[in-house]
Every structure is written in C-alpha cells, then in structure tokens.
Amino acid sequence: MTEGGGSVKTLGMNIFMAAGEMAPFARNGALADAMLSLAEELQRLGHQVSVAIPYYRCIRENKNLKVKKKSVKITVLMGNQTRTAEVFESRSPDGVQVLLIARDEYFDRTGIYGGDGGSYQDNAERFIFFTKCVLELAQRLDPAPDILHVHDWQTALLPLFVKAQQIAFPTVLTIHSLEFQGNFWSYDFALTNLGAEWFSMNGAEFYGSMNCLKAGVKQADAVIVSSEYYAHEIQTTEFGCGLDAVFRENAWKLQGIPSGVDDATRNPATDKLLAATFTAKNTKGKVACRDAILKKLDLAPTPKGPVFALISDVIQSKSLDRLLPILDRFLANDVRLILIGRVDDRYLLSIKTYLRKHHGKLAWRESDDETHALIAGADAILFPSQVNPEIAISSLRYGTIPVARAFGGLEQIVTPYNEAGNGFVFYDDAPEALLDILRYSLQIFSDTVQWKLLMQRAMQADFSWSASAKRHEQVYKKFVKTSAK
C-alpha cells in the first residue's frame, strides 16, 4: 500500500490501521506491542498492511529507526483554523509500512499522552487532528484501503467521521483498554467540524461531554474486544465502565477475539532483555531473572519465597481496594511484591506508608520500560481487577503464574489450578477472597515439583498471533466485497 505512488498488486485485502502507538516506534503500554504483532501477522497472511501513528519526538530521536520524508502534506480544518501535517514513512522489523503524521506543535513532546504523571490538556485537539489526517491519508492511498481498523479512544472518532461524511470505508474498532475512553468537555467537539446532529446519542455526546470511544462504538461496523465472554461482561454495569448501555445497544457488532503473543519478542528462550534465558524444559534461568529484578528494585533476596508483581499502565482503584486491606497479612509471609503503574492521588499516602513499613519486601514504580524483564523475574502476577489480557498472555509465556479474579478476557486465558490449570482464580469481590487465593498459591509454590509442572503448563499454552490474525481476517471479510485482488 503506497501513498499516491501507483498501484501495488496484492492477493489479499488492503488494511489501513491507526493507533496512538506502535512498537518499536512509540510505546506507552501493551497496545504498542499488539499493534506490531497484529499488523505483521496479517501481512504474513498475504494482506497489504499499513499503519498510521503520530510522529512523536521519541521516534525522531531514535537513531535505530530509518525514517524518510514523503512528498505529501495534509491540511485539515480544526474549528475555524487550518492545520497542516507532514507525512514520514518507516517500516516495522518485518516490513509493514508505517506512516508517521508529523506536526511538532502536537507531537514533538517528551511524552506520548502526557508528562509528569498527568495527561496533556490538549489531548482532544491532538488526536482529533491526527484522526482527521488519517482519514485524509486513507483517501489518498493507492490502492484504496478495503478496511480501516482503528484502536482505542485516540482514533475512535474515525468511524464517526466516515459516517458523517458518507465515505465508503468499512470501519473496525478494537478496544484494548476500556477504562480510557477519551472523555473531554463538550467545547472540544467544535474541533471535529461536524454538524450538531453528531453531538447526540448516535454520536459523540455522553452525559454532556464528548466521549471518543462511545462515538466509535456507535458508528463502527464492528467492535473487537478481548474475548467473547468479555463482550457479554461489558454489557453489565460492573464491567462496562459507564458504557454498558451503549454496548447493549450495539451488542450485535461486538466480536470477541483474544490477543496473541509474538514469539519473536516474547520468548524467554531468546529475550535479550533478560538476565538469563530459560525454557519450559529448563527453567533455571528464571531464578537469575528473579534475582536481577530484586536487585534492581532494592528488594531483599528471597531464596525460598515467591515474587509477586502487579503490572499495569494505571493500577485501577478496584485492584487497590482489594489489595491494600490485606497487604499487611500477605507481606507477613516470605514474599516480595512489586507494583508497577500510576495510582490515583487518593492512594498515594497509603502506598508510601506501606513502602516504609515493608521496606525490602514491597516496591512501587509508576512505570518501567523493561516490562519483559519484570514479568520474567516474577513468580506470579496479580490481576485483582480488569486488565489488558495481553499482559496475562505474556506472563504465561514467561512461566509467571497468573493470580486473577474471574472476569473479562482472562476467563479464556487463565484456568484454575488443578491437573490441567495454568493459574489461580478467585471469584468473590472481597479482599479476603484475594488473600485466600494468595495463600493457596503460596502452598503450591512450596511444592517445587508441582510449581515447576504448573510453570511448564503455562509456558506451553498456545496464544499465537496467527490464530488471532485469522479471526481478524474473518471479521474484515464480512465487510469487504472482494477479499482477493
């Protein structure tokens, strides 16, 4: 797929994706890895894939990336002013075309979505601009895209633009993180330059505000979430994050497709970020990974007890509401606990108090770039509430056993410990239920033979991106009249 440079004959579909991030160019969380893996796997299936992301400062400063400027500029209307973007091009490690939308005013910043623990105040403007540029670019591509696939709130307004402007592109929206919806004040809607009729129940209006994700769910032709079970769960008030009524109204378009794990980048046998590599047959290297993480985070060695981790871009309040009340009793055992992720201000004092009280046993970081090493270095990983299932899949790949509440996409990933299970599952909402399952996991960990068998089952689970990409392919074909050119 090229921009204004002549037709490229392909055997499959022309797929144009857009997102706020993509590895190895820009990474804020698991979305970046999912974008890379899905795009490259779809290309392996014979489709022509291009991905658009903003041209962030981190991309410009990365000397390992080869970027060239395209001879094209895009001008879009933003309210009563025009804004122009330049387009650059690069390639993923396996050759997927990546189109970079550049405007320094919006994207030449230290962070992707924010800095100093907060979000940029003009994120609505930044990503409305980016989404408009993506749509303009899609109309210039030759051959034209057969499908537009957008990811999360940053690009979720694109299906709304397509419907409002009556452009003949099928659109698919994938929701990776439902808790982040792109909810902004109503005045930002003027930047879309759409008619007032689209600030409505069928558009972006949501209780007087502009909700980008809600607009995408309403107007996309298909909406993909992490599992079929989760597609039903988000239609309830407990798991819908306020959009449950919207999901119920659009239940017919929900598709549950589990993510995969890229064996090339998520493989403990070859991962260069690890202190030592290991396999399902020979897990000795995992001990070195654990020791390295403990040293890095200034935690005391634990030759007999396990290391637990809770890793997320943002640690949800429900997770902390379940974990903090039982933390003293849990840390009374020979364990170590690592918390990675931003937390709401109202929990900061409690977190800092526990850090002083349990120095050497508890560590917390707002973020960490070496997610692979953290997952590999832990013995078990906690999922007390909703989480991106891609983290659970990665943890299994590294022999790090999930301890999870039964919900969402995790239902199809984590199975209760028994002769065939790969993790520990609890069902009650109370903190005591979490403590009970943690104590049970400690009991199993003390039996080295049983724990090793559990690790091996976890590492041998098949969560390939190949299967996930084929499911995506089936969704696309519902809306593409001719899938072979």
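The model described here is a predicted one.

Two strands pair with β11. β10 runs parallel to β11, and four bridges join them. Within this pairing, H151 stands opposite T174 of β11. Strand β15 (residues 222-225) also runs parallel to β11, joined to β11 by three bridges. Here L173 is the residue that stands opposite V223 in β15. How are β10 and β11 related through helix α5? Together with helix α5 (residues 158-164), β10 and β11 make a right-handed β-α-β unit.

## Helices α1 and α17

Two packed helices are described by the angle between their axes and the distance between those axes. For α1 and helix α17 (residues 465-477), the axes come within 9 Å and cross at roughly 70°. Angles of 65 to 115 degrees count as roughly perpendicular, so α1 is roughly perpendicular to α17.

Which residues of the two helices meet? On the α1 side they are A34, S37, L38, E41 and L42, and on the α17 side they are W465, S466, A469, H472 and Y476. By type, the residues of this contact divide into six nonpolar, three polar and one charged.

## F107 in helix α3

F107 belongs to helix α3 (residues 104-107). Is F107 buried or exposed? Its relative accessible area is 0%, and because buried means under 20%, F107 counts as buried.

Neighbours within four places in sequence aside, F107 is in contact with P54, Y55, Y56, R57, I101, R126, F129 and F130. One of these residues, F129, is 22 residues from F107 in sequence, and the C-alpha atoms of F107 and F129 are 11 Å apart in space.

P24 is found in the loop between β2 (14-18) and α1 (30-44).

Another cis peptide bond joins D142 and P143, with an omega of about 5°. P143 is found in the loop between β9 (141-142) and β10 (147-151).

## Residues with positive phi

N193 is not a glycine, yet its phi is positive, at about 60°. N193 lies in the loop between β12 (183-184) and β13 (205-206). With a relative accessible area of 33%, N193 is partly exposed, because that value falls between the cut-offs of 20% for buried and 50% for exposed.

D298 likewise has a positive phi of about 60° and is not a glycine. The loop that holds D298 runs between α9 (285-296) and β17 (307-314). How exposed is D298 in terms of relative accessible area? The value is 54%, and since exposed means over 50%, D298 counts as exposed.

Key
Residues are numbered from 1 along each chain as its sequence is written. This is a predicted model: local features need pLDDT of at least 70, side-chain atom pairs count only at pLDDT 80 or more; totals for chains, interfaces and linings use all residues. Side-chain values use heavy atoms; hydrogens and water are left out. Buried means under 20% relative accessible area, exposed over 50%, partly exposed in between (1.4 Å probe, protein chains only). Axes are lines fitted to C-alpha atoms, for helices over the stretch in contact, and angles run from 0 to 180 degrees between N-to-C directions. Angles under 35 degrees count as roughly parallel, over 145 as roughly antiparallel, 65 to 115 as roughly perpendicular and the rest as oblique. Contact means heavy atoms within 4.5 Å. Ala, Val, Leu, Ile, Met, Phe, Trp, Tyr, Cys and Pro count as nonpolar, Asp, Glu, Lys and Arg as charged, and the others, Gly among them, as polar. Two strands pair if DSSP finds at least two bridges between them. A crossover is right-handed if, with the strands pointing away from the viewer, the path from the first strand over the helix to the second runs clockwise.
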